[in-house]
Amino acid sequence: MFAHLNTHSTFSKMRGTASHQELLVRAQAHGQQYLALTEVNGLWGFIRFVQFAREAAIKPIAGTNILSAGEDTILLAESQQGYENLCRIISAVHDDAAQSVTDLLAKWKTGLFVLSHQETVLAKLARFMPETQLFVELRPGVTERHAWQLSRLFHLEIVATGDIYFLNPADQKTHKILRAIDKNKTLSQLDSAEYKSERHFFRSEKEMIKLFPNSLAAINNSQYLAERCKTDWNYVNTIFPGMSLKETCKANRQLRKLVYEGAKRRYREINERLKQRIEYELKLITQKGFAPYFLVVWDIVRQTKATIGRGSGAASVVSYCLFITQVDPIKYNLVFERFIHPERVDMPDIDVDFPWDERDDILDYIFKKYGNERTAMVSSQVFMQPRSAIREVAKVYGLSNEEIKAVTKRIGYFARKTQLLDWIRNDHRFKNLDLDDTLLQIIQQSEKIVGAFRISSVHPGGVIVVPDEIRKYVPVLTAPKGVQIVEWDKDQVEDAGLLKIDILGNRSLAVVRDTLKQIGLYRSEYMDYHKIMPIGDPQTEALMKAGRTMGVFYIESPATRQLLQKAGKVDFEHVVIYSSIIRPAANRFINIMLERIHGKSWKLLHPDLKCLSESYGIMVYEEQVSIVAREIAGFGYAESDYVRKVISRPALEHLVPVWKKKFVSGAVNRGYTQQLAETLWSMIESFSGYSFCKPHSASYAMLSFTCAYLKAHFPAEFLAAVISSQGGYYSAYAYLSEARRFGVKILPPYINTSWREYRGRKDRIRMGFMAIKKLQSKAIDAILAERKAGDFKSLNDFLVRVNIDLADAMALTNAGCFAELEPEMNHKEIAFKVANFYLQDGVGEPVQIPYSREPLTHQERITLEIESFGFPISEHPLKRYLPILGERIRKAEDIPKLVGQTINLAGVYITRKVTSTRQREPMEFVTFEDETDIFECVMFPDSYKEFGDLLNWESLFVIRGKVEVAFGVYTITVEKLGSLRRIVDKLTPKKDCIMRQSVITETRYATEW
């Protein structure tokens, strides 16, 4: 018998080419009972491997291939203590890659088996490791004769391994490309010592015997050793910061006290219904030992004022009374069992959002309180995607950046294609791409490395706290940002039973905080975040019904704005539904819901589906998936919860057919029809990859209402905060245009009144220094620091007091920052004076250079604004073009009067979203604006194929399309799209040079209009 004890998957960074599933399928095919995963310097995907191995009925062994200080060893865990030492050794290697593994094993050898083929390593290890734990490794590239010599020399047994890096010999080229990418070399520059030969593929027992015909004992030893390794991995118990019985009892008492104190503040009066709910939750929480977790999160949340607890934890009245969450679960009928149910054994998540710029302080607090020994952040594992794969493979083949961009610029950052060659050959975006033999090879090889593990970065907010030593549970490393992280991603951390607290940065919370500060500063109206009551406010509801929610958290995308308009109902319960149903796979259900909202009669698919009554008979929330699985298919709590995970996690998508069959057969066996079961499963599948539970959506909806309230009542302050946060759905230009539509005047930056950020004051927004494209941050710091001593009295005063570069001074000048300071001087005079000061180092006679004292022309001023800010601020970008286009162009504000007509519009590009039809053809939704309003356009496959690429190059357009209306919302179905500048260029006589603009788009887009 033979077992592979040296196996590398795609989780061996930029080395292995086979996935866990592929390795396990091959092991099954060869009749192998055991498989050891030995990634290079890590346990990167080990929890996933264990889960997949169980499904394949193969016993998983924990191991690693330590490569450090020129030493090459295989470590395998014999026991739990061995696993812990494995984690410690890997962590130490991450600390210092030059450490000798032999030195590390001297400290942490207990419970580990060690294999090596290097004489120097074996010589060191043989001094302190027993013969029962140390073995000579016979692997491809090592001769049998050499292995026997080492065996005799050190009196050690030999174990044969495959040293696997790929499934088949033909995959070696992919491995070689990965090594070249990792080494940042072309294939021709790669040294043979930097990659494995074709011999390192997944062999059967027969093939191993053929490779090592004289070493049958070494081949059999692999099985014997595998049988001695730990394979019964169990991650049921949650690992809390404090685990003793005494500490748990104390935590239970403290939690009860804090909850009842908070209940008095939240509800004023504790009635019987509230008391029963609190007692029910506390009973489950304390039975399962979760009280310490709630206290840890409560302590963290106390460190700031503006937070929002989300996720399933928002269904807990305990969380609400601890001020972790902000939505009353009793008032809004949030089901606690989605968070914690009687069968739940794994740790529930309590996700808490903090203002994004306070998150680092919160993390510092956690690390200081619990220490690096007990604390680390979750990692975000980054894998090769189509765009990065093509870019990196092209570099390996020696292509230039320009040649590479010809392909990658046509691929979205979030494309998830796997059959790249077919896609590129058939997708219209690549129709002008010259696919020569080299490029074909590059795309074919890129396809093979999609999914390869590239790097570990810091997860946005997952923090782990353990009771003693984190390095015995999981290997840790230091991320480039200097933060200690674990090797595993969030799903593996959760499945391993480690306590994970999500400390996430939320820009909208910072927007709310900053808006309230500006309101207090400029209006002397001081508002408490926790006491804003936006629900039921008429102005807030009017704003949401009109879809005027740009800048409003979570409901500002074009699709959601249109959904609000189409529905016309914006009470809290409906907005919660919208927040959940607006997901990629649920479009057809959205239209059904809208019809029902507008009065179309409907009834539940079956009387037993009462859980769908609140959402118009449609499955909207994750807990509805679980309830239907229990009540219709007969699943238990644990099974129904797992179905939800299978649907939502890409890593588990291979299990979807298994659970569909189980769901349908379970429903039929309980007396329901096959058709009903299939229909319900299609609803469940619409949750794939992206879905929310009701408590999460309720938490988000509460923040949406708060933001909408602030925008409705304080648009200048609110939109200034949105722009300053730099995290909204739209550009700064789009938000400034929105502010103008709310009657807000935009003021250019001024040296005495601007701050780093934009600031709103009643009906005005003053642009911040951050708006100036070429101004360095250190220059802004210098200006603000000096201004504390008093405003600048004149340009000379500024030049003398502030020490900044000439380039920064000219950036301020061109942005008009000194115009109000020197009202008697025109721009050219100010610019000359600034330049002269720097050329003379502030002393000496002025340089006598003749310059025009004429004021800037209108066109020159607009050009300066575009150079300074990226867009004009003194007029709309379309204004100078519209006189030439004349009556051909209609206005966005007139669209409702033109239903059914084909019209021409001029528009500035705002945002876009590429999607696909049911036939999987690409199409796109695009948002434009003119000087009167924003408008939404749809490019169906034909128009998208012809004109979609133009959106990559241009920003000003002429759009021809038909005005359509659905549920009272107007859209333009695009028939033609053209570059406005190109069209104006064609319409303008050549002698009229003022209006002729340089054209940056290809001539094929110069459509005849």
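Visitor: Is His155 buried or exposed?
Guide: Welcome! This is a predicted model, and His155 is found in the loop between α6 (144-154) and β6 (158-160). Exposed means over 50% relative accessible area. With a relative accessible area of 59%, His155 is therefore exposed.

Visitor: Where is Ala69, and what is its phi near?
Guide: Ala69 sits in the loop between β2 (59-68) and β3 (71-77). At 43% relative accessibility, it counts as partly exposed. Its phi is a positive value in a residue other than glycine, near 50°.

Visitor: Good. How many residues of α29 are buried?
Guide: Helix α29 covers residues 694-713, which makes 20 residues. From first C-alpha to last it reaches 28 Å, close to the 28 Å expected at 1.5 Å a residue. The helix is largely enclosed by the rest of the structure, because the buried residues number 19 of the 20.

Visitor: At what angle do α7 and α15 pack, and is that roughly parallel or roughly perpendicular?
Guide: Helix α7 (residues 172-183) and helix α15 (residues 386-396) have their axes 9 Å apart and pack at an angle of about 90°. Angles of 65 to 115 degrees count as roughly perpendicular. So α7 is, relative to α15, roughly perpendicular.

Visitor: Which residues of α15 does α7 meet?
Guide: By class, the contact of α7 with α15 has 5 nonpolar, no polar and 1 charged residues. On the α7 side are Ile177, Ala180 and Ile181. In α15 they meet Glu392, Val393 and Val396.

Visitor: Which side chains make polar contacts with that of Asp353?
Guide: Asp353 has its place in strand β8 (residues 351-355), and at 2% relative accessibility it counts as buried. Leaving aside neighbours within four places in sequence, its contacts include Ala306, Leu504 and Tyr700. Its side chain makes a polar contact of 2.8 Å with that of Arg310, and another, of 2.9 Å, with the side chain of Asn506.

Visitor: What separates the C-alpha atoms of Asp353 and Phe798?
Guide: Along the chain, Asp353 and Phe798 are 445 residues apart.

Visitor: Finally, is Thr971 buried or exposed?
Guide: Thr971 lies in strand β21 (residues 969-979). Beyond neighbours within four places in sequence, it is in contact with residues including Gln562, Glu936 and Lys962. Its relative accessibility is 16%, so Thr971 counts as buried.

Note on methods
Residues numbered from 1 in each chain as written. Predicted model: local features only at pLDDT ≥ 70, side-chain atom pairs only at ≥ 80, totals over all residues. Heavy atoms only, no water. Helix = DSSP H or I, 4+ residues; strand = E, 2+ residues; numbered from the N terminus. Expected span 1.5 Å × (residues − 1). Buried < 20%, exposed > 50% of the residue type's maximum accessible area, 1.4 Å probe, protein only. Axes fitted to C-alpha atoms, helices over the stretch in contact; angles between N-to-C directions. Parallel < 35°, antiparallel > 145°, perpendicular 65-115°, else oblique. Contact = heavy atoms within 4.5 Å. Nonpolar A, V, L, I, M, F, W, Y, C, P; charged D, E, K, R; others polar. Polar contact = N/O pair within 3.5 Å; in protein donor to acceptor, adjacent residues only side chain to side chain.
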